[in-house]
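Me: I am new to this structure. Please show it, and then take my questions in order.

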Amino acid sequence: MNQATRVAEELRRATGRLSTSATARMGEALPWFGRLSAEDRSWVGLIVQAGIRGFVDWYEQGARRGGTAITSAVFGAAPRALAGVITLQQTVDLVRLSIEVVESDVEGVLDADDAREVRVAIARYAREVAFATAEVYARAAEVRGAWDARLEALVVDAVLRAETDEAVLSRASALGWTTQGRVCVVLGTSPARRTDTDLFEEVRQTAAGAGYDALCAVQGERLVVLLGGADDAREAAAAIAPLFGDGPVVAGPAVADLVAAGQSARAALSAYRAAAGWPDAPRPVLSIELLAERALAGDGHARRQLVDDVYLPLAQARGTLVETLSAWLDGGGSVEGAARALFVHPNTVRYRLKQVADLTGLTPGVARDAFTLQIALVLGRQSGRG
């Protein structure tokens, strides 16, 4: 029997004692170990035992094994889920302590000459185990990252299709979505020369810095972001607008929660498709600010909203607000021209135009608002309502 085999046999007989000593030291020196569940502590104990047995086999074979072989020998006994319970730093601490215990106890197992040689081998083995540990956690992070990206894309797609149910809420929660408040959807062009992983991480970090939850997906050339905690849609969208590519950035209305986010998504998608009609739109622009363009592009929801929120309040108000607004628009925005056409004093026209602004939130003297008011009048008349 050669020396390596003889020493390996002596170490193998002492594996149980060394493992017990290492586990006891963990309970004293590592506070987090005592907070683990009994099942997780047992798995950690198996890792320690596997690490010691792995070292013995490695030493007996002349230190020829490494990489995948050590990874399998040390971590093969534990479930992959343990990587989500113990952090990489905690695993490093665990391995370091186990090696220290073996080093300190090896003289009680071997004679002095053999013990010196084994301590040198332990130092080499510790480096191999460190690389194996990093490999395990890197693979777990890669798998978890790929799964999270697919899960996130499913959640965003469900919101865009207005199919948000309990399963979608559960998936969002698994991704770290904690928002109980209002939600808005923000759309824009995905920036060029950026990987999805890097882009999503930057969006999430930027949103978190501004106090929002964020879920992201890229659909074709379009970047879609769900923002949670967005009481003010414009303010929330402005926080992440610089991260989009060139072109318009559109924010849908803030809605009650993730279940209702399909409404925000529908408005944002419609506005994004119609945004080319307003080349000087602010960035970000709200979907409601593009109601006229959306209506002209054939969005039935936008048409109904213009009729319900703009035309009908004017048609049902006291006085002749629709008639006055029409005369003012037909006269090229001239108060005096509208007054002559209506046979009233110019101040009456001014007073009625102010009533229009109070009822609709649209000021006739502002060119964009006047354009929206004119589209609303046409659609209202066509509807036959009021």
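Questions and answers on this structure follow.

Reply: This is a predicted model, in which local features need pLDDT of at least 70 and side-chain atom pairs count only at pLDDT 80 or more, while totals for chains, interfaces and linings use all residues. Residues are numbered from 1 along each chain as its sequence is written, and side-chain values use heavy atoms, with hydrogens and water left out.

Me: What share of the residues of the protein chain counts as buried?
Reply: Buried means under 20% relative accessible area, exposed over 50%, and partly exposed in between, with a 1.4 Å probe and protein chains only. Of the 386 residues in the protein chain, the buried share is 45%.

Me: Is W32 buried or exposed?
Reply: The relative accessibility of W32 is 9%. W32 therefore counts as buried.

Me: Of which kind is the pair of rings of W32 and F33?
Reply: Rings of Phe, Tyr and Trp (its six-membered ring) pair if their centres lie within 6.5 Å; planes under 30 degrees apart are stacked, over 60 edge-to-face, and the rest tilted. The centres of W32 and F33 are 6.3 Å apart and the planes stand at 80 degrees, so the pair is edge-to-face.

Me: Which residue lies over the face of W278?
Reply: A charge sits over a ring if NZ of Lys or CZ of Arg is within 6 Å of the ring centre and within 35 degrees of the ring normal. At 3.6 Å from the ring centre of W278, the residue over its face is R368.
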